[in-house]
Amino acid sequence: MTPLLDVKGIAKRYGRHIGCADVSFDLWPGEVMGIVGESGSGKSTLLNCLAGHLAPDAGEVWFDTRVDGPKDTLKMGEPERRMLSRTDWAFVHQHARDGLRMGVSAGGNVGERLMAVGARNYGTIRHQAIDWLGRVEISEERVDDRPTTFSGGMQQRLQIARNLVTGPRLVFMDEPTGGLDVSVQARLLDLLRGLVRDMGLSAIVVTHDLAVVRLLADRLMVMKDGQVVETGLTDQVLDDPQHGYTQLLVSSVLQV
Amino acid sequence: MNFVQDGPMIQVTNLSKTFTLHNQGAAEIAVMEGADLSVAAAECVALVGVSGAGKSTLMRMIYGNYLAASGTITVGGLDVTQAAPREILSLRRVTLGYVSQFLRVVPRVPTLDVVAEPLLTLGVDVTEARDRAKAMLDRVNLPERLWGLSPTTFSGGEQQRVNVARGFIHAYPALLLDEPTASLDGANREVVLSLIEEAKARGAAIVGIFHDEEARDRVCDRQIDVSAFARRRAA
Amino acid sequence: MTDQAYNFAYLDEQTKRMIRRAILKGLAIPGYQVPFASREMPMPYGWGTGGVQVSAATLTPEDTLKVIDQGADDTTNAVSIRKFFERTAGVATTTSTRAASLIQTRHRIPEEDLTEDQILVYQVPIPEPLRFLEPRETETRKMHSLEEYGLMHVKLYEDISRHGHIATSYAYPVRVEGRYVMDPSPIPKFDNPKMEMPAIQLFGAGREQRIYAVPPYTEVVSLDFEDHPFDPSKAPHACGLCGAEDSYLDEVITDDEGGRMFVCSDTDYCECRRAAGHCGPQFPEAAA
């Protein structure tokens, strides 16, 4: 068995400021890895470097492609990398409007990735869109409505449907529950857990919310000032943190 | 997963544990040293010792929840202290069950799904998983009207029974039980004890913490006094 | 006669060379939008400045020019541009499709089949077919270069979901020679099938500074879905004047009591047919 993603020595600087430094890890099929740290810790920079949105200064991102086996995505040509991000990869943005086409109906939003990979039968595309809306608990009646008429939680679920419709194997999530009401967060977390389990998805979830990673992530990476200070099983890192910063982070969580 | 069939299911050798509190002057607290434990299939071993002696700590280390400072812990042939996260995850999915005193679940998820989840992660069909979850909830006498509700709002005893149902729904070859009968009345305590006996009968290796001495005497074959492994606080 | 104050066809020779290079590049890469340094022309944007520059760079003194606007030779835009070239290039002009060697058009393709000896120049307001769904030019250029055209079908999907059929009836997107998706300018979709023709087709967008082209006999496919195929239909009437049933029609209101008639939008086609003795239901006296 090979890891789905093998990250080696990713580094990104913004001038003199360090975005992230020498980050290495692997991710296996079906695993969900959380990346936590405070604002400015480099977790979003890292995510964007991995997903191909930012060019890192150094490092390799090996992805186990369906056809050719492991390939360094940073050395891929842009067409290949963009094709990957439409098929085997998905990216869930914190703000749904960054990941949705707000002027296009819910069905069109979900159908876009299908059409992008060559689907040309309206009935089939629409059927699949409705099926996916159902899986993210959006009523079929809303298929022709624009996301502007949706609540924040619905928009986020629509974004997830739009991303998962082509059956990706790796999902990048940037604060997927950020900015949502607590009750809406819970529903979204449960949905994500179910999808990860049923589709065998691997995911990398960036968040500053330790409760989210405890429920969603198998493994955890803690970042501070662009460096990875601790990694391990999520419950182990949270219950028996080894690094001073992680101990501080865990002890700073407000108890309800 | 390859099991080493010859040796004990759970084997702890010369295990030590230290907590370092970086934010409190890097205070080092050595809580355990030279711990040894061996549990064979179909055997139930009780951890005993005064409060704070490290019973839960040892159990958490076996589960991979706490890191060991030194020594080895093998469960079904896998050295938990050296294993990669995915190996421990696989161990927990297939081999090693854990009934803790705490219930950590996604809010708003129905109890039935909470109990069925370990089966779903094993790839059991959803209908079958739910059926088995129903049978198990029935067994622990959780009223059916609660099955569709999230256990986060349940009483202590109800939550404990959800925990038990979740821990026994899959026939784990190894089980860790942290006060499984706590906050249960006589009838429900009896249900849990018979679940433990059945697990033993099918060959599970069990490590348990029981304050309930009567229960301990009934299901456990041996006792290990964890106080023997406790270390004085380092200067 | 040429007004001596102007260079032939208004533009200076360097500019015409620059535009010709863009045209040749466009012909070499059918459907690809070639940037060019669009000049200020003595007419406002939206009046065909792109088409006029392409025509100016393409015209020779021997050419015969026809200019149509919505198929008609006698509308303001058509008359102005024809006059412009009569004055600045001194070329012969005509209203006959068959007699013209260069036809500048806004929003129509003539009904009469064009030949290998002719050039059709389109005036284009917005050359980027992906614009309305993806406003970032950097992104649309990348989509063209990587052939990422899923978004174009999203537009058609939205049409069907809202109207039950593809409601786009003009500027209907096409794929040229299996490669670039192209906006055929706001011609009616009825004209789309005619784009596979023996004549050269050149497209000029002045404000947007883009030129693109379709060489003769190039494959031009209108985008569609398997279960909602492209349908180049038109109003189900015959021309009230000439009786043609195969031409694109304009609806004309004839009185203030709801009276109306359908007439050929291609005025030359209609006149030629009537001259040949055809007549429509609302023009019986022509037969007389």
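Buried area is the accessible area, computed with a 1.4 Å probe, that two parts lose on being put together, summed over both. The size of an interface is often given in this way, as the accessible area lost when the parts come together. The structure described here is a predicted model, in which local features need pLDDT of at least 70 and side-chain atom pairs count only at pLDDT 80 or more, whereas totals for chains, interfaces and linings use all residues. Residues are numbered from 1 along each chain as its sequence is written, chains are lettered from A and ligands numbered from 1 in the order in which they are written, and side-chain values use heavy atoms, with hydrogens and water left out.

Between chain B and chain A, the buried area is about 2200 Å², and carbon and sulfur atoms give 56% of this area. Arg86(B), Val106(B) and Arg108(B) supply 24% of the area that chain B buries against chain A, which is more than any other three residues. In terms of contact (heavy atoms within 4.5 Å), 25 residues of chain B meet 24 residues of chain A.

Five salt bridges are found across the interface of chain B and chain A, where a salt bridge is a side-chain nitrogen of Lys or Arg within 4 Å of a carboxyl oxygen of Asp or Glu. Arg197(A) forms a salt bridge with Glu117(B), and the closest N and O atoms of this pair are 3.9 Å apart. Ten residue pairs, with both residues at pLDDT 80 or more, are in polar contact between chain B and chain A; a polar contact is a pair of N or O atoms within 3.5 Å, of which, within protein, one must be able to donate a hydrogen and the other to accept it, and residues adjacent in sequence count only if both atoms are side-chain atoms.

On the side of chain B that touches chain A, at least two residues each come from strand 1 (10–21), helix 2 (85–94) and helix 3 (111–121) of chain B, these elements being DSSP runs numbered from the N terminus (helices H or I, at least four residues; strands E, at least two). Helix 2 of chain B gives the most to this side, with five residues.

Within chain B, Asp79(B) lies in strand 5 (residues 78–79). Asp79(B) is buried yet has no salt bridge, and the nearest side chain of opposite charge, that of Arg92(B), is 13 Å away; here buried means under 20% relative accessible area, exposed over 50%, and partly exposed in between, with a 1.4 Å probe and protein chains only, while Lys and Arg count as positive and Asp and Glu as negative, His and the chain ends not being counted. The side chain of Asp79(B) does reach the backbone nitrogen of Ile73(B) at 3.4 Å, and a polar contact of 2.6 Å joins the side chains of Asp79(B) and Thr81(B).

In chain C, Gly26(C) lies in helix 1 (residues 13–28) and counts as buried because its relative accessible area is 0%. When residues up to four places away in sequence are not counted, Gly26(C) touches Gly31(C), Val34(C) and Ala213(C).

Most residues other than glycine have a negative phi. Glu147(C), however, has a positive phi of about 55° and lies in the loop between helix 4 (137–145) and helix 5 (150–163) of chain C. Glu147(C) counts as partly exposed, because its relative accessibility is 38%. A positive phi near 50° is also found in Glu177(C), which is placed in the loop between strand 6 (174–176) and strand 7 (180–182) of chain C.
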